[in-house]
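I opened the notebook on this model to look up ring pairs, charged pairs and the annotated site. The entries follow in the order I worked.

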Amino acid sequence: MIVLLYKMNHEITWYNTLNPERKKKYFINIMEYLAKQRAAGVTIYPAYKNIFKVFTLTKLHEVKIVILGQDPYHGQNQAHGLAFSVQPGIAIPPSLGNIYKELENDILGFQVPNHGFLESWSQQGVMLLNSVLTVEAKKAFSHKNLGWEFFTDKVISVINNNCKKVIFMLWGSHAQKKSYLIDDSIHYLLKAPHPSPLSAHRGFLGCHHFSQANNILKQIGKQPINWIPKLRKIP
């Protein structure tokens, strides 16, 4: 019976929980807007193939940690579908630089890498989710209120309802607004200011979220995260 229940639980996937959203008017409007903008020559990040990449790297039943960002980087060749991560060969952005500073102070043996490619975190169950999944080049938060917030609210609700003992790292007021979607009697909420240079000194630096998360994972019998990002070329 235990084995049967385990298999049944694994049938709950991103596809069958989120696919119904594609038929809703707000989602159709988002896709039509992006198509029209690209057809008009507007540059949008990330590339179309990477908009939903976060769901291909971390399966629903494997989610251990959710790190919630705001929107993708708006510089050339930066965004590739994972919050705070940049593609290999791209300079480390300031917010990620502060994340690395906190890791260096928080995790014994962590050394700041020379890249910002965080895909290896996703492969261990760390979901690097942005609240808004696209952005116009050189215009930060330009796709706010386009409709993505409805979609990512649904994503958080799906995790809340179908997973147990997930650690949510909510950095900054924008991310923390989604806390009402999370049942903190089932999951863990870690809150801190955003790692942006404008706010990191107000409490992000010194928050110890990474060691706290690994201690929680050990306590609940899950493998802790190796926070040292492993570099791999994107095919």
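**Entry 1: the annotated site**

Helices (H or I, at least four residues) and strands (E, at least two) are DSSP runs, numbered from the N terminus. The model is predicted, so I note its limits: local features need pLDDT of at least 70, side-chain atom pairs count only at pLDDT 80 or more, and totals for chains, interfaces and linings use all residues. Residues are numbered from 1 along each chain as its sequence is written, and side-chain values use heavy atoms, with hydrogens and water left out.

UniProt, in an unreviewed entry, puts the annotation "active site" on Asp71. UniProt positions are in the numbering used here, feature names are shortened, and annotations may be inferred rather than shown by experiment. The cut-offs: buried is under 20% relative accessible area, exposed over 50%, partly exposed in between (1.4 Å probe, protein chains only).

Next I listed what Asp71 touches. Leaving aside residues up to four places away in sequence, the contacts are Asn130, Val132, Val135, Ala140, Phe141 and Ser142. Contact here means heavy atoms within 4.5 Å.

**Entry 2: the annotated domain**

The unreviewed UniProt entry also lists residues 56-217 as "domain: Uracil-DNA glycosylase-like". I checked that span: 29% is helix and 14% strand, and its end C-alpha atoms lie 23 Å apart.

**Entry 3: aromatic pairs**

I found 18 aromatic pairs in the structure. Rings of Phe, Tyr and Trp (its six-membered ring) pair if their centres lie within 6.5 Å; planes under 30 degrees apart count as stacked, over 60 as edge-to-face and the rest as tilted.

Phe52 and Trp148 make an edge-to-face pair, 5.9 Å centre to centre with 65° between the planes. This pair links distant parts of the chain, 96 residues apart: Phe52 sits in the loop between β1 (44-45) and α4 (53-57), Trp148 in helix α7 (residues 148-162). Phe52 counts as partly exposed because its relative accessibility is 25%. Trp148 is at 0%, so it counts as buried.

I then took Trp121 and Trp227. Their ring centres are 4.9 Å apart and their planes stand at 90°, so this pair is edge-to-face. Trp121 lies in helix α6 (residues 119-122) and Trp227 in the segment after α9 (209-219), so the pair ties together parts 106 residues apart in sequence. Both Trp121 and Trp227 are buried.

Which residues form one aromatic cluster? I noted Trp14, Tyr26, Phe27, Phe52, Phe55, Trp148, Phe150 and Phe151.

**Entry 4: salt bridges**

Side chains of opposite charge can pair when their charged atoms come close. I counted four salt bridges, each a side-chain nitrogen of Lys or Arg within 4 Å of a carboxyl oxygen of Asp or Glu.

Glu21 and Lys24 meet at 2.8 Å, N to O. Glu21 is buried at 4% relative accessible area, whereas Lys24 is partly exposed at 39%.

Glu119 bridges to Lys53, with the closest N and O atoms 3.4 Å apart. Glu119 is in helix α6 and Lys53 in helix α4, 66 residues apart. Both Glu119 and Lys53 are buried.

Lys178 and Asp153 meet at 2.4 Å, N to O. Lys178 is in the loop between α8 (173-176) and β6 (188-192), Asp153 in helix α7, 25 residues apart. Lys178 is buried, with a relative accessible area of 6%.
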